[in-house]
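Please keep the view open as you read.

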Amino acid sequence: MHVLGRRGRARAMVAMVAVLALAACGSRQSHETLENALRGSAVVPATQQPGSVSTPAAVPTAGSGTTGVASAPPGSGTSDVGGGTVGGSTASGGSKASSGAAGTTAGGSSGVTNSLVPGVEKCAAQKAPVVIGSVGEQSGLAGAAVAGGASMVSAWAGYVNSLGGLRCHPIKFIKADDGAEPSRNAALTEQLVEQDHVVAFVYNNAPLAATGGESYLISHHIPAIGSEGADDFYNNYPNFFPQMPSGKWAIYASYAGLPSQLTPTQRKHVGLIYCIEASACSIFGSAAGKTDIAHDGMHLVYSASASLTAPDFSSQCLGAKRAGATFLIIVLDPNSIHRAASNCRSAGYTGRLGTVASVVVPDDADDKNLNGVIFDSIVKPWTTTGNPQITLMNQVISQYAPGLSPIGTPVQGWTAAQIFAYSSTFWPNKQTITSADITTALDKVRNYDVGGLTGPISYYPGKPAPPVVCWYNMSLNNGKFSTPNNGVRRCKA
């Protein structure tokens, strides 16, 4: 395995994804908005993501609360049981708690199969609910990039509860918005555990603020299953269970699959434009990133930094053209990628473009300048056909979260939730499941890839998760995202 661990790189992915997420992921924001975000302006007041928890009348759901779209300020949470937002009193610290006991319909009648969800079984009697949570950027500019994964877990919980829960335990899911502030992340993490009785976190999506709750989770041995992939500490402690490459391994995977989509000439003439807002922001283009490029059989002929707030990238485009780059990797935020692609085409650069999956957004499909762009996804592409897990996920989205786009983090959230479901097959047969029970069960997971959605995952007692570095090639052609060979997985041994 190629070693990427350089001093300071542990936090590199955090800042990289943070800056990119702040810089208007999901929509094309103004330069003023970008600059305010980079200066640390207040996060937009939280609103639950459109369509993240919505339950059609025909689908039976658990819980006695009412369904709808919840609105809360940063630092608050919403509690989802059975696919709806459950009304209830506001607990201290701003977390909304369920007001009703959870009830489920075993087997459900949602019209989608339950055979792909491990841990679902017919129940003579229900057991105590298992409360899981997600703390992260559920709103604002950062939330636009990562909140979809948490919304996917909400939909997953609703579907699972319509089938009877996991091992006869209804699943209660609470997500809390940290407002991109580490101190708030720390407070909410503690609150969800000590007041709301969360026993595990499933898909914490906090590229800006995850360090806030890190020490609490470690010291209290609370299992955290999956994330958006920004944080390297998921690779370092035994109570973190990454569902895909995380931290430095996510960087590695982002480069490793590119050569297979390039011609020999393109591999030998690679250009790179990367951001400079913070020293760590440039990790993809720093000495470490350049080493990854070389290790994966590509030769760098041009490298240039750029500011995310720059109105024009023509000079970098012309530099790449003069250097003979026939493949240009652009590692900027979504807004800047649109501008850079336009500038490069206007400057006469005709080579192929590449980027990284963390900054791919739906409106890329409408940009003719990005036609032919390639990148690596570190979970199974949502475009894959014939994969039962992708099919089921899309059906659950249509029934429990209409309006949620599968592009970006929803597959990551689904993958984390399904690993949690698989681990439930190792839960003890008792009324109440604890954090220790969940950790013990996760430590029995071996070579589980969620039906091909990720690499073969294994966890071991008392040890950090071994890195599994896998990726799936993707490209954007004629307004459509696709994956060569229908989502074939590649991994580094």
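## A serine in strand β3

This is a predicted model. Is S134 buried or exposed? Its relative accessibility is 0%, so S134 counts as buried.

The side chain of S134 has a polar contact, at 3.5 Å, with the side chain of Q138. If you set aside the neighbours within four places in sequence, S134 is also in contact with A150, with the run F173, I174, K175 and A176, and with F201, V202, Y203, N204 and N205.

## The disulfide between C123 and C168

Searching the whole structure turns up 3 disulfides. In one of them, C123 pairs with C168, and the two sulfur atoms are 2.1 Å apart. The S-S torsion here is about -100 degrees, so this disulfide is left-handed. What does the pair tie together? C123 belongs to the loop between β2 (84-85) and β3, while C168 belongs to the loop between α3 (140-162) and β4 (171-177), so the link ties together parts that are 45 residues apart in sequence.

As for accessibility, C123 has a value of 23% and therefore counts as partly exposed. C168, at 5%, counts as buried.

## The disulfide between C317 and C344

C317 and C344 are joined by a disulfide with an S to S distance of 2.0 Å. The torsion about this S-S bond is about -80 degrees, so the disulfide is left-handed. C317 is found in helix α9 (residues 314-322) and C344 in helix α10 (residues 334-346), so the bond ties together parts 27 residues apart in sequence.

Are these cysteines buried or exposed? C317 is buried, with a relative accessible area of 1%, and C344 counts as buried at 0% relative accessibility.

## The disulfide between C470 and C491

C470 is joined to C491 by a disulfide, S to S 1.9 Å. Which hand does it have? The torsion about the S-S bond is about 105 degrees, so the disulfide of C470 and C491 is right-handed. C470 lies in strand β13 (residues 470-477) and C491 in strand β15 (residues 489-491), so this pair ties together parts that are 21 residues apart in sequence.

C470 is buried, its relative accessible area being 2%, whereas C491 is partly exposed, with a relative accessible area of 38%.

How values were computed. Residues are numbered from 1 along each chain as its sequence is written. This is a predicted model: local features need pLDDT of at least 70, side-chain atom pairs count only at pLDDT 80 or more; totals for chains, interfaces and linings use all residues. Side-chain values use heavy atoms; hydrogens and water are left out. Buried means under 20% relative accessible area, exposed over 50%, partly exposed in between (1.4 Å probe, protein chains only). A polar contact is a pair of N or O atoms within 3.5 Å; within protein, one must be able to donate a hydrogen and the other to accept it, and residues adjacent in sequence count only if both atoms are side-chain atoms. Contact means heavy atoms within 4.5 Å. A disulfide is a pair of cysteine sulfur atoms within 2.5 Å. Helices (H or I, at least four residues) and strands (E, at least two) are DSSP runs, numbered from the N terminus.
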